[in-house]
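Morning, everyone. I will go through the salt bridges in one model, pair by pair. Please have the viewer open.

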Amino acid sequence: MPKALVVDDSKAVRMILGKTLRDLGFEVREAANGREALDVIEIEKTAVSLVLADWNMPELNGMELL
């Protein structure tokens with residue numbers, strides 16, 4: 001099953017995108033900012049097929065994450 005990572009400081013947005021991605025067959029991981037996303041990627045140790053990242057987040061924004 002392909003993995004997707006949803007990175008957004010809005011929990012509601014993460015929930016909506018996560019549900020849609022699960023319906024499309026993705027295994028979904030979530031992070032509230034770029035730093036958390038890097039931690040998730042490190043823990044997973046496997047490729048993430050898709051990253052949906054908010055542009056404007058605290059700590060580490062979407063562009064800095066990419």
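Start with Arg 22 and Glu 30, whose side chains form a salt bridge with an N to O distance of 4.0 Å. By salt bridge I mean a side-chain nitrogen of Lys or Arg within 4 Å of a carboxyl oxygen of Asp or Glu.

Some bookkeeping. This is a predicted model, where local features need pLDDT of at least 70 and side-chain atom pairs count only at pLDDT 80 or more, while totals for chains, interfaces and linings use all residues. Residues are numbered from 1 along each chain as its sequence is written, and side-chain values use heavy atoms, leaving out hydrogens and water.

Back to that pair. Arg 22 is partly exposed at 44% relative accessibility, and Glu 30 is partly exposed at 32%. The cut-offs are: buried under 20% relative accessible area, exposed over 50%, partly exposed in between, with a 1.4 Å probe and protein chains only.

Next, Glu 27 and Arg 29 form a salt bridge at 2.7 Å, N to O. Glu 27 has a relative accessible area of 25%, partly exposed, and Arg 29 is also partly exposed, at 27%. As for shared partners, salt bridges join Arg 14, Arg 22 and Glu 30 into one network.

Then Asp 23 and Lys 19: their closest N and O atoms are 2.9 Å apart, a salt bridge. Both lie in helix H1, residues 11-23, and because they are 4 residues apart there, about one helical turn separates them. Helices here are DSSP runs of H or I, at least four residues, numbered from the N terminus. Asp 23 is exposed, at 57% relative accessibility.

How many salt bridges does the rule give? The count is 5.

Methods: Helix = DSSP H or I, 4+ residues; strand = E, 2+ residues; numbered from the N terminus.
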